[in-house]
Amino acid sequence: MLLLWIRFNISKGELSSRNISLNIDENIERAVTVQRLSDEIYFIDTSDPKATINNSAVGSSDLILAKVPIGDPTQPDLPKELAATSDASRIYVPLEKTHSVAVVDGIGFRNLDTNLETSGINPINLGAGATPSSIVISSDDRYAYIGDRNTGTIYILNIDPDSKDYHTHSNLNIPSSGAIRQLALNSDGTRLFATTNEKIIAFDVASGSDTQNQIIGSVTVNRVLHTFGELKN
């Protein structure tokens, strides 16, 4: 990695700079998981777990690189899912109980402050009444789509650091749909799929499309229950 090194001499008013090279392993192998009841995320070393455990005196605990508390320390936040940018530098974690989304530095293992105008480490506030749960991130790292587990709302969160709307959001509302259960994107990132109790709903999320962020189709499905080994509609 090539970095710019800068030195400023205050007494002489001189500025000098030069390029320096740092050897950084670009193939970092780790997993990230949510601990719902403890309001933490764990970073886990996946480079060679078998060797780590075999050479460890305490077993699998040595696989944990870091434990990062998230959310409001004074109350439960109940994180359930997370999503990372393509370079794993930022991790977004919806917090169901506190109507917000935590942002975690995936390289430095720390919370990131999303509002410098207030004290403390602030998550992204989605507004009172929001219950964010499921999340997916677009392949170009411009948007995070977050489903509300209690209402038919999908929050479209701008996560592009170069955008003037960085970390602001807009809403997609699905009439009479109830809770959003899961979200998924197709391979080229132009279609967003949301599941509810009774439907699979498709949205056009292609940038610049005439129907961007509009419903383009839906399928009604029967709920399937698994009871004593039998599948019943």
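In which loop does His99 lie? The legends below answer this and then tour other parts of the structure, which is a predicted model.

**View 1. His99, a residue with a positive phi.** His99 sits in the loop between β7 (90-95) and β8 (100-105). Its phi is about 55 degrees, a positive value, although His99 is not a glycine. Why is that worth a look? Most residues other than glycine have a negative phi.

**View 2. His167, another positive phi.** Here the phi is near 65 degrees, and again the residue is something other than glycine. Look for His167 in the loop between β13 (153-158) and β14 (169-173). Is His167 buried or exposed? His167 is buried, because its relative accessible area of 14% falls under the 20% cut-off.

**View 3. The open sheet β3-β4-β5.** Three strands make up this open sheet, and their pairing is antiparallel. Which strands stand at the edges? They are β3 and β5 (64-69); each has a single partner strand, so one side of each is left without a neighbour in the sheet. From one strand to the next, the twist averages 20 degrees.

**View 4. The hairpin of β3 and β4.** Zooming in on this pair, strand β3 (residues 30-35) and strand β4 (residues 40-45) run antiparallel and are joined over six bridges. You can follow the pairing residue by residue: Arg30 has Asp45 in β4 as its bridge partner, and Val34 stands opposite Ile41 of β4. Four residues lie between the strands of the hairpin, where Asp39 takes a positive phi near 55 degrees.

**View 5. Phe43 and Phe109, a tilted aromatic pair.** The structure has two aromatic pairs. Phe43 is buried, at 0% relative accessibility, while Phe109 is partly exposed, at 26%.

**View 6. Tyr143 and Tyr145, also a tilted pair.** These two rings lie 6.4 Å from centre to centre, with 45 degrees between their planes. Tyr143 is partly exposed, with 23% relative accessibility. Tyr145, in turn, is buried, with a relative accessible area of 3%.

**View 7. Leu157 and the largest nonpolar core.** This core has 14 residues, and Tyr92 and Leu157 are those with the most contacts inside it. Two or more residues come from each of β8, β11 (132-137), β12 (143-148) and β13. A second, separate core of 13 residues includes Val136, Tyr145, Leu172 and Leu192. Back at Leu157, the residues it touches include Tyr92, Ile124, Ala144, Ile146 and His167.

**View 8. Asn158, a buried residue in β13.** Asn158 is placed in strand β13. Why does Asn158 count as buried? Its relative accessible area is 9%, and buried means under 20%. The side chains of Asn158 and Ser163 are joined by a polar contact of 3.1 Å. Beyond its neighbours within four places in sequence, Asn158 is also in contact with residues including Arg142, Tyr143, Asp165 and His167.

Terms used. Residues are numbered from 1 along each chain as its sequence is written. This is a predicted model: local features need pLDDT of at least 70, side-chain atom pairs count only at pLDDT 80 or more; totals for chains, interfaces and linings use all residues. Side-chain values use heavy atoms; hydrogens and water are left out. Two strands pair if DSSP finds at least two bridges between them. Buried means under 20% relative accessible area, exposed over 50%, partly exposed in between (1.4 Å probe, protein chains only). Axes are lines fitted to C-alpha atoms, for helices over the stretch in contact, and angles run from 0 to 180 degrees between N-to-C directions. A nonpolar core is a set of buried Ala, Val, Leu, Ile, Met, Phe, Trp, Tyr and Cys residues joined through side-chain atoms within 4.5 Å. Contact means heavy atoms within 4.5 Å. A polar contact is a pair of N or O atoms within 3.5 Å; within protein, one must be able to donate a hydrogen and the other to accept it, and residues adjacent in sequence count only if both atoms are side-chain atoms. Rings of Phe, Tyr and Trp (its six-membered ring) pair if their centres lie within 6.5 Å; planes under 30 degrees apart count as stacked, over 60 as edge-to-face and the rest as tilted.
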